[in-house]
Every structure is written in structure tokens, then in C-alpha cells.
Amino acid sequence: MSAYIEFRNVAKAFSGKAVLRGMNLAIDKGEVMFIIGTSGVGKSVTIKHLIGLLRIDAGEIWFDGARVDQLPERSLAPLRKRIGMVFQSSTLFDSMTLAENVALPLRKHGKLSHKDALVEARKRLAQVYMDDYADRFPAELSDGMRKRAAIARTLALAPDVVLFDEPTTGLDPVSARRVDRLIRELADTLGVTAVVVSHDPPSIFGIADRVAFLYQGIVHVVATPDALRASADPIVQQFITGQSSGPMETPGF
Amino acid sequence: MSYFRTRIEAIGGAVLGTSRAALELWLVYVGTIAGIVRGFSRRHGGRGRPKGELVRQLHAIGNRSLVFIIVTLGFIGMVMTYQACLQLGRVTGDYSQVGSQFLRLLISDFGPTLSGMMLATRVGAGIAAEIGSMKVTEQIDALRMSGVLPIDYLIVPRFIACVVMTLMLTVLGSMVMYAAGGLTAQYSFGVNPSTFYDLSFVRGRHLVLFVVKALAYGAAIPVVAGFCGLRARGSSEGVGWATTAAVIGSSFAVIVLDFIISAVALFLADGDL
Amino acid sequence: MIGEKTIANIGGGAVSIAQHVGGIVVLTGQVLRALIPPRIDGRELVKNLHKMGNRSVPIVALTALFAGGLMMLQSGPFVKKLGATGLAGWAAGYAVLREIGPILIALMFSGRVGANNTAELSTMTVTEQLDGLRALAIDPVKFLVVPRVIAMMVMLVALTVIGDLVALVGATVVGSALLEIDASTMYHSFADNLKPYDFLHGISKSVAFGAAIAMSSCYFGVTVRGGAVGVGRAVNAAVVAAAVSIMLLDFFITYLAG
């Protein structure tokens, strides 16, 4: 039985420097998969490949039984409606209110009129507890609020999969846990498959079903959080306990 | 009534804002001159100004604008001559004066002004972008904290380089325009080169205008652009706005200075240009 | 050796110019393809028309006023000396309609609107908002670039028309205030000597300039790289590219249209 999302021997290099070297990962439907590793190891790069924001050099990427890495830009629209992404910088559009931001995909793809789209948008914002701020502009809000609004926008098209690029990085602990809870709710109540790039231990051990540890361009190990914590692998231990010295090679230090 | 009130408030606000900006701009200018004087009175460059900076600025402004000026002014020269000949052909059919009048206009106005406008775009944007990104990445604050005046370090070298280079580039650009004009007249309208390249109408006053304008533009551009750069706020957005403002501000300054200098010259020469 | 390094610089410069020109052509192709069939985001179009028009009217009007006055300063004394005051408006007016109006207004527009647009687009690119659009299966070219290109072209033509008129007014004002040529003489010399074709000649240039400014501005905006410094460089490149294109296009149109 093949997995819902699968990376097979994926390789990618930037300016001659290899980042992913034959990476393999299988993600099941409905699970919350965390991708962790040190900075610069290729975590964000991995998920960007899934929706074609970057192109792989070699290997295959499969989604729901179909190969997707070779699709031309024009044909990526259906894929992107099924797989949404929440970026690290939230990427809300500065010139629109939150409601207008969330309404945008609804207008474009849901064929709703502007007024109807705004009504729908407020409902989505309510789902992430942000409906009170629907008429504010992104610049007026804190990072945590912007992140939740961005999630609402991504959910507007009811995707099957949502990719999160470091959702809790830079947030205060309270906001971070709120975002974690949201992600868990998505998976549990809506059946959304979540792929989360993170290096935030409370998130990793709080909500992940499984964790993929990326190291030196491949997936070093895939395991449940508990199994990871109990692992005898010295490299894994160094990362989890956050030691600066150990068997791990960190480029640039 | 409240409609008028809001309007008047808006106008008042705009006037105040503009006046404040004008005052700050003037202060930058004065500060620059003061910086130059300071530089001369302390023989080797003064505290904080690296010796190579002036040369680097000369290179940045001069060399890198060279091709740009040659290309743009060459094309304008061709177009202007073409238009003039076309119109003369319609009215009098006599091309004997084209070259001399073109030269007169070139020296007293178009040469410096068009070079000035082009440089306002290229150099103005460059200066504002550089200084703007430095401001936004807090390098200017770092300078202040190590006891260096930003005006001394950043604007003065650019000011001197720009004044010098504008004059040189204007001379070069004008020559290119003149040559291009002659070629156009020759190949499109059959005007004899010796008829076109006629210097007899050029007088001392035209050359004075040329130099005065070139120097004025060369002084205005770095001051306006540097001012806009120093005022940049925020992040990348702020740099964008600063560069935009610099381009408009310097271009507009060139036009206004052109008008003022030309009007004054006309007045002084009693209508005889 | 000076020679080698200079040649290497020139060569490198030429290559990057070629790359940019190629990139702009590709973007232009994408914009054109998005126009057939024309499915443009109406709200974005209106928003941009509003923004670009509003912002530039004052500066363009002022520039045109000064430019018209300048033309009068240059040609007026000459005409007066010849006693041909009937032609006073002609020389200034002709230059304004055909050349000075379109070029100067285009340059100002490039500075005010083009640079601003590049700043906006490059900030959006640097903050991943363009990727955000792609991730929502919205094509940034269709959604952002096309409305801006159309808005810029329309606005520049409108502004040139207004600017031409204002410049003629400026010329008249200078004529009567500084050169003792009264307004009615000016008006008659305009009416008698300036032909509709002169006006159209200038407007057709505005269309071309508008396209050049729009494409250059959008291209450098969406291809920016590298944070605050990159944004500054993108704006710089956009204005310079626009200025060069304006001069080149002016040349070609003048020769082709006569």
C-alpha cells in the first residue's frame, strides 16, 4: 500500500551545494508529520517542492497515487487547491484586511461574489478564533494573530493537506501553543494531513504523530516522538537535548 | 462647514509638512558645505572619512553612468534634430541655421538639463538606495555611535564626486548630442556637416549658463537623494519609498533649477539670448 | 591591466543586460497571454488606477507647467527678435506636444509611479507574498502584474493629455509675464500652427512609454532578490531601464512616424 504523500530519492542542490541527497519519506493520510533538523538542512525546501514552488533535481514525488514533481506550472492549480501552505512569514497581503485576505481564494476559486466571499471569510476566521479582527489590517496585529489568520486563509479552499513552515518560530509560548492546538484540531476534526517543519520541542513532542529527522540531506530516522526520545542514536540525542557539541556535523560552525 | 475645515486642515498639514521637509533639506545642504569646509581645514580628510571614499564615489557615479549618458543623450540628440529639421522643412525649407541654433540651445539648456535629468534618475536612485538601506539596517546609527557624522562620511564624498562628475558627463553628453544631431541632419535631411557644425552663434554667456546649470544640478542631486536616503524608515519598504522620492525629487529639482536659472539669465541679459 | 578588467566589466554588463531584456520579454509574453481572453481582476485594476492617477497628477502638472514655461523661455526671445510673434506659440507648442511633453511626463511618471510600483512589488516578493499567491493557486502575473500594467499605460496617456494642456498654459503664462507676448497671440499661434497629428504623435509615444515603464517596473519588482538592499537595487534598475527605453522608443517612433 503506497503512502498518501511520498518522496522517493529526492535530490536538490543550490548553486552546486547539495541540500537533499536521495531523501525518502512516506506520509500517511490524516497524520501530523513533523520534519525536524538543524537550520539550513533542507526542511523548508522539502515542503516547497511538494507544491512546485521549487523543482527537484532528481527523484520522484507522489501524491494520492499520482506523480506530481513533473507537472508544468500551468497544471499546478488543482494540486495547490488540495495542498495548502502556511509560510513562515505568514504572507498575508498588507493592502487587504484579514477578511479580504481570506476572501481572496474564495473569490478566485469558489466563484463567490465579493460580498458572499467576505461572509464566508468571517466564518473561516471564526474557526481560528480571529473573527473579531476581521476588519483589521495585518500590520496592526501581532505575529501570533497573523499566523492564525494565515491558517484561516489556507483553510478557505478546504485542502486535504496543509504544509506548515515553522509555524511557531518567533511566537511567544502562549501563542505557540494556541497554534499547535489549531493544527491538532485540523487533523482530528477535519481529517487534514499536516506536514509541519519545526524545531520547537514543545510542538514536536506535543502534537506530532510521527517525526522525520532530516540530517545531511536524507531522512536519518522516522519515528513517533516517544520512540525518538528513547532512541539510542547519539545524533538524535544531541539534537533533542540541544547540545552544541557532539557527533553532529553542523556546517558553518 | 466641516467639509471646508477638513480641507483646510489637510492643506495646512501639507504646507507644514512641506516646509519642515524643505527646512531639513536646507540643513542637509548646509551641513554638506560645512562638511566640505571642515574637510579642507583638516588637511587629510578629517575624522572618519576614509581616504579612498571620494575616489570610489567618483568611480561609482562617473564610470558607471558613462554608457547610460552616451546612449540616452545620443538618441535624444538625433530625435531633437530630426524634429527641428522636420518642422523647418514644413515652414521655411532653410536648414542653414539648424546647426547653430541647435548648438546654442544645446549649450544653454538641453545639454545640461537633459544630462541632469538622466543623472537625477540614475545617480539619485543609486545614492538613495545605498544610503536608504544603510539607514534601515541601522548602519547609520552605528556610524553616529562611533563618533562619525553621517553627513561627513556619506554625503560629502558623494556631493563632491557628483558635482565633478556631472560637469564632466554633461560635457561629454553634450558633445555626443551635438555629434548625433549632425549625423541625423546629414543623413536624413542632407545638411552639409560644415553648415551644421557652425560655432559662430555661441557666446560666452551660453557657456556660463552651461557651467552654472551643470554645477547646480550636480549639487542638487546628491543633496536631495542623500536626504531621502537618510529619511528612510522601516524595512525594505522604506528603502523603496526613499529611492522613489529621490528620483522624483532630484528630477523635479533639475527642472525647477533650470527654469529659475534660465529666467534669471534672460532677465540679466535683457531678453537677449 | 586596465584594459582587461574594463573589457571583462563591459562583457559582464552586456550579459546581464541581455538577461534582463530576455526576462522582460518573457514577462511581456506572460502578460499578453493573460489578456487573451481578458480575465482581469477588476478590483485590483480599479485600485491601481486610483492609486497611480491620484498620486501623480500634482507632480506631473507642476512639471508640465515648468516645462512649458521653459520652452517658451528658450524659443520666445528668438521669435521676438525676429518679430514673428505670431509663431511664438508654434515653436514652444510643437516641442511640447511632440517631444518634451511625452518624454518629461513619462520620466516623471517613471519616477513617481514606476519606482513606487517596483518598490511595492519587490517588497511583496521579498516577504514571500508572491509565493503565498502561488500556493493559493493564484497566478501572480494575472492577479498583480496585468492590472498594474494596464493601469500604468492608461494613466500615462491620460496624464500626458492633461500635461500637454498644462504645459501650453505654462508657456502662455511665461509668454505674457516675462516676454510681453499676450495670451491671445499665444492662443492663436497654437490654434493656427499645431496640428492634431502633432498631438497624436506625442500620445502614441505615451502609449509606448507607458508599456516600457510598466514592464520594466513590474519585471524588476518580481525578480528582486535579497532584502532591503535588493529592493533599493531593483528600484534603481527599474528607473534606469525605463529611462533608456523611453529614449530608444522616442527615437524609433520619431523616425517611423515622421
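In this predicted model, 2 pairs of chains are in contact, and chains B and C share the most contacts. Chains A and B, by contrast, do not touch, and their nearest C-alpha atoms lie 11 Å apart.

**The contact between chains B and C**

- Chain B contributes 48 residues to this contact, and chain C contributes 42 residues.
- On the side of chain B that touches chain C, at least two residues come from each of the helices α2 (52-91), α3 (98-136) and α8 (236-268) of chain B.
- Helix α8(B) gives the most to that side, with 18 residues.
- Sorted by class, the side of chain B that touches chain C holds 26 nonpolar, 16 polar and 6 charged residues.

**The contact between chains A and C**

- Here 14 residues come from chain A and 10 residues from chain C.
- The elements α2 (77-82), β6 and α3 (98-109) of chain A each supply at least two residues of the side that touches chain C.
- By class, that side of chain A has 7 nonpolar, 4 polar and 3 charged residues.

- Strand β6 of chain A, which covers residues 83-86, is covered on both faces.
- β6(A) pairs with strand β7 (residues 161-165) of chain A in the parallel sense, over 4 bridges.
- Within this pairing, A:V161 in β7(A) is the bridge partner of A:I83.

**The open sheet of chain A**

- Chain A also contains an open sheet of 4 strands in the order β2-β1-β4-β5, with antiparallel pairing.
- Strands β2 (17-27) and β5 (66-67) of chain A stand at the edges with a single partner strand each, so one side of each has no neighbour in the sheet.
- Strand β1 (residues 5-14) of chain A is joined to β2(A) by 8 bridges, and the two run antiparallel.
- A:I5 stands opposite A:I27, which belongs to β2(A).
- Helix α1 (residues 43-50) of chain A lies across β1, β2 and β4 (58-63) of chain A, and runs at about 65° to β2(A).

**The fold of chain B**

- The secondary structure of chain B consists of 8 helices and 0 strands.
- The C-alpha atoms of chain B fill a box of roughly 65 × 65 × 35 Å along the principal axes.
- Of the 273 residues of chain B, 49% count as buried.
- Among the contacts in chain B with a separation of 6 or more, 86% are between residues 24 or more positions apart.

**Helix α7 of chain B**

- Helix α7 of chain B spans residues 204-230 and has 27 residues.
- From its first C-alpha to its last, α7(B) reaches 39 Å, close to the 39 Å expected at 1.5 Å a residue.
- α7(B) is mostly covered, with 19 of its 27 residues buried.

Note on methods: Residues are numbered from 1 along each chain as its sequence is written. Chains are lettered from A and ligands numbered from 1 in the order in which they are written. This is a predicted model: local features need pLDDT of at least 70, side-chain atom pairs count only at pLDDT 80 or more; totals for chains, interfaces and linings use all residues. A residue is buried if 20 or more other C-beta atoms lie within 10 Å of its own, exposed if 12 or fewer, and partly exposed in between; C-beta atoms are placed from the backbone. Two strands pair if DSSP finds at least two bridges between them. Two residues are in contact if their C-beta atoms, placed from the backbone, lie within 7 Å. Ala, Val, Leu, Ile, Met, Phe, Trp, Tyr, Cys and Pro count as nonpolar, Asp, Glu, Lys and Arg as charged, and the others, Gly among them, as polar. Axes are lines fitted to C-alpha atoms, for helices over the stretch in contact, and angles run from 0 to 180 degrees between N-to-C directions. The expected span of a helix is 1.5 Å times one less than its number of residues.
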